[in-house]
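Here is a short briefing on one protein model. Keep the structure open as you read.

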Amino acid sequence: MTPLIFPDRREENPCHVESAELVVGIPSLNEADSIQLPTAKADEGLRRFFPEMKSVIINCDNASPDLTREAFLQVPTETPKIYLSTPEGISGKGNNLLNLFQRSLELGAKGIVVVDADVQSIKPEWIRNLGQPLFNGYDFVAPVYVRHRHEWTISNNIVYPMTRCLYGRRVREPMGGDFAISEHLANMLIDQTWAEHATGFGVNTWITTLAVVNGLPICQSFLGGPRVHKAKDPPSHLLPVFSDNCGTLFSLMETYQDQWNDLRWSKPIPTFGLDEDPILEPKEMHLRPRDSLEGFKEGFLHFEGVWKQILHQDVFMKIWEIQDLALETFEFPHLLWALTLYDYAVAFRRETVPRETCLESLMPLYFGRVCSGARSTENMDIREVEVYSEEQCRVFEETKPWLTRIWNEQSSTDEPATSR
């Protein structure tokens, strides 16, 4: 038997569940005011779509002090529930999921569906759409959401184009918090040495990448509408999410460099659920590109010296030039953004500056890209925005030979960027 990863884990199993074929896991930290909804919808989904299957809902928590445990256990469900927590002092979403995966395997689960505790748009059909492919030969099921045209996220700008470019599979939401894995993949994950940032918010990027590079059968499933989650304090929440996902992305590039070095172009993966539910238009967002532009320009005050160390001089000069553009004309082009991320990946690997500084200094540049994307797509509908996103990804794939070259060279400054 595999030793317990967290020997001092806490568990409450009021229904004395000893085995289960299908587990729905809900990772949490201080979600007492939101966990009731996903718990109730998970119960309904299990009853409606997997009635013959022995199931359990597990709240994998980080010893939340805000009564998350009580809120979860008090939800009236027909499906039995287990409260599971990492020991006090051990936090991180990745640690929550690691705890969940091991407990699920102990129960004999063949499939594990994960939904976030703060998601407010969840429907019972999510459990069906994520769970069913596991029993049809797939080891990993990623979500597909309808995104607002102005939702220029870390996934859209960094993780999706980079993972697609690197590993050759078009997993549209590699950071998606709602996903499903098979018993086989759960065992693989348990046996891995987890990347540092993967124990936190980088866990979804890490799981997606491992599923792809190991050649497992993967697919994605449409969840029927826009994803809505509880609002969080942006400044305090964004930096750890940003750093953990970018840190995971860059760390895995080194681990799996032999897999991506010679790989060119990408191919789609099977997508399910598109014909089962109506496509709902996202609610209008209150966009503030001026704030993103200011965040980009403020980066020069704090990180100009760092950028000069990390970026090829031609890339830095082009970024220097666009800082003077007004909002109405501001553009951070696809090509410049791709080359910026390539330089950052190399700098992270070589520790040109301390890695945490490297990740923190990338954020203002990301703000510039967010502003540019919002401006470029302000008059587009969601389908036209997806075409714009595809154009970005094609630029990444077309310029990948340059990434491969600077990754393998002693120095990334041997040749000017204008020859790329």
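**A buried asparagine**

- Asn-129 counts as buried because its relative accessibility is 4%; buried means under 20% relative accessible area, exposed over 50%, and partly exposed in between, using a 1.4 Å probe and protein chains only.
- This is a predicted model: local features need pLDDT of at least 70, side-chain atom pairs count only at pLDDT 80 or more, and totals for chains, interfaces and linings use all residues.
- Residues are numbered from 1 along each chain as its sequence is written, and side-chain values use heavy atoms, leaving out hydrogens and water.
- Asn-129 sits in helix H4, residues 124–131. Helices (H or I, at least four residues) and strands (E, at least two) are DSSP runs, numbered from the N terminus.
- The Asn-129 side chain makes a polar contact with the side chain of Arg-128, at 2.8 Å. A polar contact is a pair of N or O atoms within 3.5 Å; within protein, one must be able to donate a hydrogen and the other to accept it, and residues adjacent in sequence count only if both atoms are side-chain atoms.
- The side chain of Asn-129 also reaches the backbone oxygen of Phe-222, at 2.7 Å.

**Helix H1**

- Which residues of H1 are buried? They are Pro-38, Thr-39, Ala-42, Asp-43, Gly-45 and Leu-46.
- Seen down the axis of H1, these buried residues fall within an arc of 165°, so they line one face of the helix. The arc is that of the directions from the helix axis to the C-beta atoms.
- The cover over the buried residues of H1 includes strand S2 (22–28), strand S3 (55–61), helix H2 (68–73), strand S4 (81–85) and H4.

**Ile-310**

- Ile-310 lies in helix H10, residues 289–310.
- Ile-310 is buried, with a relative accessible area of 4%.
- Ile-310 and Asp-343 are 33 residues apart in sequence, and 6.4 Å apart in space, C-alpha to C-alpha.
- Leaving aside neighbours within four places in sequence, Ile-310 is in contact with Asp-343, Tyr-344, Ala-347, Val-353, Cys-358 and Ser-361. Contact means heavy atoms within 4.5 Å.

**Cavities**

- How many cavities of 30 Å³ or more are there? The count comes to two. On a 1 Å grid over the protein atoms alone, a cavity is a set of points where a 1.4 Å probe fits but cannot get out; lining residues have an atom within 4 Å of a point.
- The largest cavity has a volume of about 50 Å³. A volume is the space filled by probe spheres set on the points, with grid points joined across faces, edges and corners.
- Helix H5 (154–167) and helix H7 (203–213) each supply at least two residues of the lining of the largest cavity.

Methods:
On a 1 Å grid over the protein atoms alone, a cavity is a set of points where a 1.4 Å probe fits but cannot get out, and a pocket is an open set with protein on both sides within 12 Å along at least five of seven lines; lining residues have an atom within 4 Å of a point.
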